[in-house]
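Here is a short briefing on the chain shown below. Read the lead sentences, then go to the topic you need.

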Amino acid sequence: MKKFFINLNAKRLMVSASLIAVFSLPASASETWYAYHAQVEAYPTGAGQVYISTEFGVPESERQYSERQTKEIVSKDGTLFVYPKANEGWQCIGVTTDELNENEEWVYVDSLSNIVYPDQEYITVSMPNGIYTKIIDPVTGEEQDADSATTATLMPLDPNNSFKTIFTHVAVDEFDDQNALGSTAISKLANYIGDKVTLTATPNDERCHFVKWTLDGKDVSTEASIDVDVTGIATYLAHFTADSAEVLHFAEEGEYKVWYSPDTRISIPSNVNYFVLYADSVQKEGDEIVAKPSPYRYSVDPGFPTILYGKGDAQIVKTPAIPYGFGDNLFAYSGADGVKIDTLDVEKKYYTFDTNAVVFNQVSGTIAPNTVYVGIPDSVFTNASKEVPATIPLKNLSSIAAGIAAPVAKPVAIRKGIYTIDGRRVNAMEQKGIYIYDGKKVLYRKDK
């Protein structure tokens, strides 16, 4: 993009004498304002339409679809939301990011950079190319980031970010969130009826093994690479297993288990959630104190004590990993020798979880060995004007159960990289909280 930006800069630098430099660098989430000119096209032509916005959750009635849209954006994070609308006989699988060739022309890249999540109407896209500028304060002489209005004057006349929203017939995915075990690929993303495409399943490493391809719940082949004729909409699912895989048995109607591993990360399928409990998750409801932990999916990291809730048998995969801090999560682990409460924080009350009664029971004296427990700050009870209860029920069960289904062939594609919980791509985990890392939710604690 060198030629394009040289021409642009020569024009825009005349706006203010205080402008000292204009940069066209890959943008990341920060306090710096960037100018983006994005174009998004439905691909191939005639397969669907798109609507683009800087907001997620735009009502259907407010979207104005077309085969190609452009948008000029001044933003700090470069996040764009693409709303796809497939024509009859097509399905949308995600977005690709175009590249510039030697003639400064945008060219299609046959590789997904962002995907469609089953429970979302939009695709979150991170624009890689943004323009920003620095100014010199006329009083102090210090270099500063330009404000949004100044950055807007740098807006490219032509798009500096280009994407294709991919519509297709045949697609591939890993069965039931098994991306921890392997990956899938198809020889032609945007395929037509009458095409022949090659599907490839690749185990992630030597401990993982491909099992079979299925379509609509029926076995297709045990070969990792197969050719199929495109005759209509179809999503082929690759099934994997691993030497380190094991099955956790949950009651079909739903069951709780406590979990802790000091040095192993586990991937969990779609019929299992794990929980994070914060101080503000313990609150007054009516006349009682209740706990409303937040449910998450995908994987549980080492050194992370938690509660699992599942329905039916669940295959988990264990991977050696190094533990790290987990911020303000209240769950803790008592260790092989247990722990005496008088050695813990005196400004907390301590509880263990009863998986049958689904309540937290207060404990005194010593917490038993190999036990997951929580320390709830006294301020929670003081602020609620309540006495410390002997039991705290786990509530919000309806929303927890709604996030769980029996094991089914539910395709979930994975977007690589680090994202905030609202879908914004970042270069690194900088602030403590929940992030999505290569499709998995993780809890990060910033070192102090």
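Of the 448 residues of the chain, 48% count as buried, where buried means under 20% relative accessible area, exposed over 50% and partly exposed in between, with a 1.4 Å probe and protein chains only. The model is predicted: local features need pLDDT of at least 70, side-chain atom pairs count only at pLDDT 80 or more, and totals for chains, interfaces and linings use all residues. Residues are numbered from 1 along each chain as its sequence is written, and side-chain values use heavy atoms, with hydrogens and water left out.

**Confidence**
- Mean pLDDT of the chain is 83, and 80% of its residues reach 70 or more; pLDDT is the predictor's confidence in each residue, from 0 to 100.
- Confidence is lowest in helix α1 (residues 2-12), at a mean of 27. It is highest in strand β19 (residues 225-229), at 98.
- Residues 1-23 stay under 50 in pLDDT. The model still has 49 contacts for them beyond four places in sequence, a contact being heavy atoms within 4.5 Å.
- Residues 408-416 also stay under 50, with 32 such contacts.
- Where pLDDT is low, the predicted coordinates should not be read in detail.

**Overall build**
- The chain has 4 helices and 41 strands. These are DSSP runs numbered from the N terminus: helices are H or I with at least four residues, strands E with at least two.
- Contacts between residues 24 or more positions apart make up 73% of those with a separation of 6 or more.

**Nonpolar cores**
- The largest nonpolar core has 24 residues. Such a core is a set of buried Ala, Val, Leu, Ile, Met, Phe, Trp, Tyr and Cys residues joined through side-chain atoms within 4.5 Å.
- V170, I186, V197, L199, W213, V228 and Y236 have the most contacts inside this largest core.
- At least two of its residues come from each of β14 (170-174), β16 (196-203), β17 (208-215), β19 and β20 (234-242). β20 gives the largest share, 5 residues.
- Another core, of 22 residues, lies apart from it; F275, Y309, V374 and A384 are among its members.

**Aromatic rings**
- The structure holds 19 aromatic pairs. Rings of Phe, Tyr and Trp (its six-membered ring) pair if their centres lie within 6.5 Å; planes under 30 degrees apart count as stacked, over 60 as edge-to-face and the rest as tilted.
- F210 and F240 pair edge-to-face, at 5.9 Å centre to centre and 75° between the planes.
- F210 is in strand β17 and F240 in strand β20, so this pair ties together parts 30 residues apart in sequence.
- Y51, F56, F81, Y83 and Y122 form one aromatic cluster.

**Loops and backbone**
- The peptide bond from Y43 to P44 is cis, with omega near 0°. P44 lies in the loop between β2 (34-43) and β3 (48-53).
- V358 has a positive phi, near 60°. This residue is buried, at 17% relative accessible area, in the loop between β33 (348-354) and β34 (359-362).
- N370 has a positive phi near 55°, and lies in the loop between β35 (366-367) and β36 (372-377).
- G335 is in contact with P369 and N370, leaving aside neighbours within four places in sequence.
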